[in-house]
Amino acid sequence: MKSYLKTFLFVIIVLTTLWYISNPLNALDYVKRPEIVIAIGVLIITILMNGKIVKDLHETRFEKLSKEEKEKYETQNDWLSAAYTKLVGKNRPIEEEHEIILDHNYDGIRELDNNLPPWWKYGFYASIVFAVFYLTKYHVFNGENQYTELETEYVEAKIAIEEYKKTAKNLVDFNTVKVLTEESDLSAGKKLYDLNCVACHKVDGGGGIGPNLTDENWILGGGIKNVFKTVSEGGRDGKGMIAWKQSLKPLEIAQVSSYLLQFQGTTPAEPKAAEGEIWIEQVQ
Ligand code: HEC
């Protein structure tokens, strides 16, 4: 019986660990992945067999003991039951109860002056120690109460939300990108452009190795979405426009794309001849 209990416990532990490790998997996913189910099954059978072997061995060896040894073995307690008896305490045997019976008698109901159970007493002592710390922390040194805790948690949550918003901005992709208009984004975009793009597109977007970015003509499509896509994925093979998603974050790509769209309609110093189709933004 004991070994079955152990197996059961073990299986629960294994399953819980698995559950934690493979967080996104839910119960159905286990069924969808039979190798996991089989592995767990094999594991359980192995443990059961192992438990049985240990038990049999134990019994065979027990049979070999002499009578005294058997008795000694059976009376000897393992530490767990020793601890248990210690915590529960022992009541006086019935024959000695007359020594501890109290004088009073309520309609025939009488009371024994048994010792308090040790576990109860330990709990009581622990609560005294706890009270001392609690009292000094919260009533002498005015520790945080629920209100101040709530306030600090609000502040923390606000910071966390701000942080999230920052990364959320970074989560833009081809589908969600919008033209950024904030000054900080545009100046960040200009910096990125001057650093990475002028070599081929010129400072004013007039074009060189890369096409003119100031005219209405686009080889790979105009508008923020197409530009974002071109900058992240690169141009046609062999043309020289690399996929910038290797080195720029999504937000940075959105910034540089928004910046270069401002070249539209400006007159660069040495404009390169228009390439591609005239792009008309579709109103959705
Ligand atoms: C090594 C040169 C080079 C660099 C550096 C470069 N580009 Fe390009 N770019 C090109 C070429 C060449 C094309 C044309 C690609 C094609 O024809 O497929 C192009 C195309 C483009 C287009 C599409 C134009 C159209 O007409 O569809 C955009 C937008 C663009 N680049 C933006 C950028 C940005 C932003 C950077 C900097 C992060 C950059 N490029 C850096 C060479 C470059």
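Predicted model: local features only at pLDDT ≥ 70, side-chain atom pairs only at ≥ 80, totals over all residues.
The protein has 11 helices and four strands, where helices (H or I, at least four residues) and strands (E, at least two) are DSSP runs numbered from the N terminus. Residues are numbered from 1 along each chain as its sequence is written.

Let me start with the overall dimensions. The protein has a radius of gyration of 39 Å, whereas a compact globule of 284 residues would have one near 19 Å, the radius being taken over C-alpha atoms and the globule rule being 2.2 Å times the number of residues to the power 0.38. Along the principal axes, the C-alpha atoms fill a box of roughly 115 × 60 × 35 Å.

An automatic or database domain assignment divides the protein into domain 1 (2-64) and domain 2 (183-278), and the centres of the two, taken over C-alpha atoms, are separated by 60 Å.

Turning to the helix packing, the axes of helix 8 (residues 183-196) and helix 11 (residues 250-261) come within 7 Å and cross at roughly 90°; axes here are lines fitted to C-alpha atoms, for helices over the stretch in contact, with angles running from 0 to 180 degrees between N-to-C directions. By class, that contact of helix 8 with helix 11 has seven nonpolar, three polar and three charged residues, counting Ala, Val, Leu, Ile, Met, Phe, Trp, Tyr, Cys and Pro as nonpolar, Asp, Glu, Lys and Arg as charged, and the others, Gly among them, as polar.
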